Amino acid sequence: MLNEATPSSTAPGRPFLQVEGLAKSYPGTTEPVFDEVNFSIARGEFVCIIGHSGCGKTTILNVLAGLETASAGHVFMDGREVAGPSLERGVVFQGHALMPWLSVRKNIAFAVRSKWPDWDSEEVNEHVQKYVALVGLSGAIDKKPSALSGGMKQRVGIARAFAIEPKMLLLDEPFGALDALTRGTIQDELLAIVRETQQTVFMITHDVDEAVLLADKILLMSNGPQARVAEIVRNTMPRDRQRATVHHDPQYYPLRNHLVDFLVARSKDLSHGKAPAHPPTVEPGRGALADAPASVTLKAVA
Ligand SMILES: Nc1ncnc2c1ncn2[C@@H]1O[C@H](COP(=O)(O)OP(=O)(O)O)[C@@H](O)[C@H]1O
Ligand SMILES: [Mg+2]
């Protein structure tokens, strides 16, 4: 059943995260970068946003993080309006943003101490070690970032974001700079941790395969100026998707093709505010689920 894969909202009638009429414009420009951005995220939901470079994804993530202000609109999280940075939200940036003079342990301890200033050093250290182990970096815990590979640095960023046990995790193309193999491994690790912790996630990606694997819901953003979330694509494949097998699901290609078609054609036509302010939700994989006889479910791929 579709709805069993969908986490429930915080309180009746109110989603965990609600974005209403968000817009961003800069002085001296005639059209806003984006406007009328409306969407919501349920508690425990993993949401990806996809759109061409420059449409405003990072700006939206920064507004959700409370690091940037919008020109119009509101963001509510867990019943309260987001009005500045908070340790309730963990951010993993495009670059890893680690302090280069501190070891992995100290980089994460810094964040942990900010969240729990009353903890003694033993408590902090124990907590840090737990999250470093979770991303498989125990052996490198006393190394400085300069001694780590790109993949390892990104893992430290993920461990740091999880270590503050945020209500929501915000990820800005966290794997964009990694080679495909490393990216795959870290995607698997992230999925495992998210499932274990029931973390709510908002993630920017430009990789449609990554979105189809990770996300319960994919927000398709039209091109700017006046970009909008034009459509919400529900991933109807079961939540226990695995990287090694997900492409065998008959829903995989209809879903993937839908995302690619949006990016290559429709996203352009919907710029300049032509996308609806309140985007429809679509389920491109669902047809394949109903129609495909079991005998033709992509045996050729095996
Ligand atoms: N100071 C500025 N003045 C005018 N436009 C800006 C300014 N800063 C950013 N922008 C525009 O905001 C847009 C959105 O940027 P960003 O959120 O980084 O997009 P994305 O993450 O989708 O690539 C870009 O098109 C950029 O040109
Ligand atoms: Mg960006």
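**Helix packing, domain contact and ligand shell**

The crossing of helix 2 and helix 3 is right-handed in this predicted model. Helix 2 spans residues 104–115 and helix 3 spans residues 121–134. Their axes lie 9 Å apart, and the two helices pack at an angle of about 120 degrees. On the helix 2 side, the contact is made by Val-104, Arg-105, Ile-108, Ala-109, Val-112 and Arg-113. Helix 3 contributes Val-124, Asn-125, His-127, Val-128, Tyr-131 and Val-132. Sorted by class, this contact of helix 2 with helix 3 comprises 8 nonpolar, 2 polar and 2 charged residues.

The crossing of helix 4 and helix 5 is right-handed. Gly-151, Gln-154, Arg-155, Ile-158 and Phe-162 of helix 4 make the contact with Thr-182, Ile-186, Leu-190 and Ile-193 of helix 5. By class, the contact of helix 4 with helix 5 has 5 nonpolar residues, 3 polar residues and 1 charged residue.

The protein is divided into two domains, with domain 1 covering 2–88 + 167–301 and domain 2 covering 96–165. The centres of domain 1 and domain 2, taken over C-alpha atoms, are separated by 27 Å. Between the domains, 11 residues of domain 1 are in contact with 14 residues of domain 2. Helix 5, residues 180–197, gives the most to the side of domain 1 that touches domain 2, supplying 5 residues. That side of domain 1 consists, by class, of 9 nonpolar residues, 1 polar residue and 1 charged residue.

Ligand 1 was examined separately. The residues surrounding ligand 1 include Tyr-26, Thr-29 and Val-33. Also in the shell are Gly-51, Ser-53, Gly-54, Cys-55, Gly-56, Lys-57, Thr-58 and Thr-59. Gly-224 is a further member of the set around ligand 1. By class, the shell of ligand 1 has 3 nonpolar residues, 8 polar residues and 1 charged residue.

Definitions and conventions
Residues numbered from 1 in each chain as written. Chains lettered and ligands numbered in written order. Predicted model: local features only at pLDDT ≥ 70, side-chain atom pairs only at ≥ 80, totals over all residues. Domains from an automatic or database assignment. Contact = placed C-beta atoms within 7 Å. Helix = DSSP H or I, 4+ residues; strand = E, 2+ residues; numbered from the N terminus. Nonpolar A, V, L, I, M, F, W, Y, C, P; charged D, E, K, R; others polar. Near = placed C-beta within 6 Å. Axes fitted to C-alpha atoms, helices over the stretch in contact; angles between N-to-C directions. Left-handed = near helix turned anticlockwise from the far one by under 90°.
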